[in-house]
Amino acid sequence: MSPARSAAPIEELRQIIDEHRSLEGPLLPILHAIQNAYGHIPAEARPLIADALNITEAELHGVISFYHDFRDKPAGRHVLKICRAEACQAVGGEELAAETLRKLGLDWHGTTENGALTVEPVYCLGLCACGPAAMVDDRVLGRVDAAQMDALLAEAGA
Amino acid sequence: MRVWVPGDSAAKALGADQVVAAIADAARDRGVDVEIIRNGSRGMIWLEPLVEVEIDGQRYGYGPATPEDAGAILSGGILRGDSAKSLGPVDDLDWMKRQTRLTFARVGVIDPLSLSDYEAHGGLAGLRHAATMSGAEIVREITESGLRGRGGAGFPTGIKWQTVHDADAPQKYIVCNADEGDSGTFADRMLMEGDPFTLIEGMAIAGLAVGATRGYVYLRSEYPDAIRVMRRAVEIARDAGVIGADILGSVKAFDMEIRVGAGAYVCGEETALLNSLEGKRGVVRAKPPLPALEGFLGRPTVVNNVISLATVPVIMAKGAAYYAGFGLGRSRGTVTLQIAGNVARGGLFETAFGLSLGEIVDDIAGGTASGRPVKAVQVGGPLGAYMPREKFGTAFGYEEFDAEGGLIGHAGLTVFDDRTDMLRMARFAMEFCAVESCGKCTPCRIGAVRGVETIDRIAQGDAEAAELLTDLCETMKDGSLCALGGFTPFPVMSALTHFPDDFARQKEAAE
């Protein structure tokens, strides 16, 4: 999930859009595909998407900004998501999250200065019987304790 | 030698991949020929990673396994009882034997992506049967089974299908709501990862029933493993002719796609989901019109939860009467309990409706993991009520929970011990609603923000604020367009009502 690069060639963007535009309800698949390729939705993609789907850029902005997943700029090289939902709270998830943010000197959605890691809240990974749960990129982790979190942060280069 | 190590996310989160690598290494070192199958989870999450090895046709379990156990597992003795982690034949375990597994019959048993394994364990029988019937006959069967929506509201599935069946339109759709993002609920994830063909089969049957030829699974982006498994399963099913232009040679068509959500909780609400699927903001729609008449792209659409659709094949295979034979009152069939939070034995337990809450928490789940007393159990996700011990006699059924001021929702149970501050949990519920509100209706959008402020006032010792909070909850309940604003009062008011000390203690501290 880490970004391949940040500048997006127009032709490549057009190709991604064309691959999906015949779907019923193509916008979310297009946004996911672009974000998978570039780690965010580059500004230059917006007029192309709006034009292809015959919607205004304001409408498009309304959609992009509604969803937690879509980004305007690239995240860190790795994304750490820590679950804040009730089942994880019941086993110390809040404390784990607070301690992790404190160690990194970040708030939610923040990225470490060296660009290695972005920390985001997530509301449920479906690991409710083995919390506190976290996810690094696409790798899931259960019963995360402070020591495991330290190892994780070191591994991510944070 | 056949070895099963779950590929389920929970097992992976607890180190299953590392165990697989260690077993493969150990097998190579010893020159043993081992076939490692990545099954779903049996549902005993406290034993994951749970490794199973076939001995004399029986599957012996060992868990929770670590990579260091690999050599011993291959040598066999450990499985027959040489270790405290030896479990014996998995099917004979108390947790397994006490269940009635209908929807989850194959989860943890089969290789999730093997269509032949699926068929060998009863898969496709329902679809084969349905393909010989008329749509009206299939709808009648589902209606008679008593199946109700497993997403929370408990609406009868057959009635919803009947409406779509009777609607006249050039195109109809089946949409699976796989966006259940409630904390404490993971049955959807387990089902999709452990037995994806069941969901595909259920959707195809729904398509045949109502005359829909296209379907979508709207799947949460928070479940990358489920997305991967479902996408692959759809390809396999299509290549094998289970879905496509000619379902199992019946000359009837149904095809489907997996779509991924984008992290908005409210998209679990069916009309927000439909907007999202269409590529819009996931804002709730006012009903009517019902999605059954004007759903995806304005066409008649069945929107059902994963578990509802995944239960359809067993009903069609074994008959409505068989399914309706389980349960309590108007809650027919089985419920997939998801036991989570601070709990000794967390996991998935499928049983007929009717067990008492206390039996589930104290007996099946074994109380808390911390060993401390249970303080509260939140049933039905973040919008469900906190049930105190005084309500542990409540039987698990839609009407029974409703009568006690609760809801069973998706049947997730999150257990909390006595250290939990219920004022904080009430505040979290309001805060969550404020963050995730789609913004369309005022009681939810503004009410939740005011709710957080009001709970903060109570925390600071403002005695009048409790009455204000009650009033605000009434307004949210009556005035919100969907369950997000409408049900947030359940956790908030149940916390306030059943745990007044936590609200008063804050006051004393302030004084």
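Me: Leaving aside neighbours within four places in sequence, which residues is B:L219 in contact with?

Reply: B:L219 is in contact with B:A178, B:M192, B:A226, B:I227, B:M230, B:I258, B:R259, B:V260 and B:G261. Contact means heavy atoms within 4.5 Å. A caution on the source: this is a predicted model, where local features need pLDDT of at least 70, side-chain atom pairs count only at pLDDT 80 or more, and totals for chains, interfaces and linings use all residues. Residues are numbered from 1 along each chain as its sequence is written, chains are lettered from A and ligands numbered from 1 in the order in which they are written, and side-chain values use heavy atoms, with hydrogens and water left out.

Me: Which residues have the most contacts inside the largest nonpolar core?

Reply: B:W161, B:L199 and B:L219 do, in a core of 85 residues. Helix α10 (residues 196–210) of chain B gives the most to this core, 10 residues. A second, separate core has 75 residues, including A:F66 and B:L277. A nonpolar core is a set of buried Ala, Val, Leu, Ile, Met, Phe, Trp, Tyr and Cys residues joined through side-chain atoms within 4.5 Å.

Me: What makes A:R102 and A:E99 a salt bridge?

Reply: The closest N and O atoms are 2.7 Å apart. A salt bridge needs a side-chain nitrogen of Lys or Arg within 4 Å of a carboxyl oxygen of Asp or Glu, so the pair qualifies. Both residues lie in helix α6 (residues 93–104) of chain A, three residues apart. Helices are DSSP runs (H or I, at least four residues), numbered from the N terminus.

Me: Why is A:R102 called exposed?

Reply: Its relative accessibility is 55%. Exposed means over 50%, buried under 20%, and partly exposed in between (relative accessible area, 1.4 Å probe, protein chains only). Therefore A:R102 counts as exposed. A:E99, at 32%, counts as partly exposed.

Me: What are the labels of B:K280 and B:E278, and why?

Reply: B:K280 has 42% relative accessibility, so B:K280 is partly exposed. B:E278 has 14%, so B:E278 is buried. The two form a salt bridge, with N and O 2.7 Å apart at the closest.

Me: How do you know that B:R189 and B:E193 are about one helical turn apart?

Reply: They are four residues apart in helix α9 (residues 187–194) of chain B.

Me: How many salt bridges does the structure hold over all chains?

Reply: It holds 45. A:E24, B:R214, B:E257 and B:R259 are linked in a network of them.

Conventions
Helix = DSSP H or I, 4+ residues; strand = E, 2+ residues; numbered from the N terminus.
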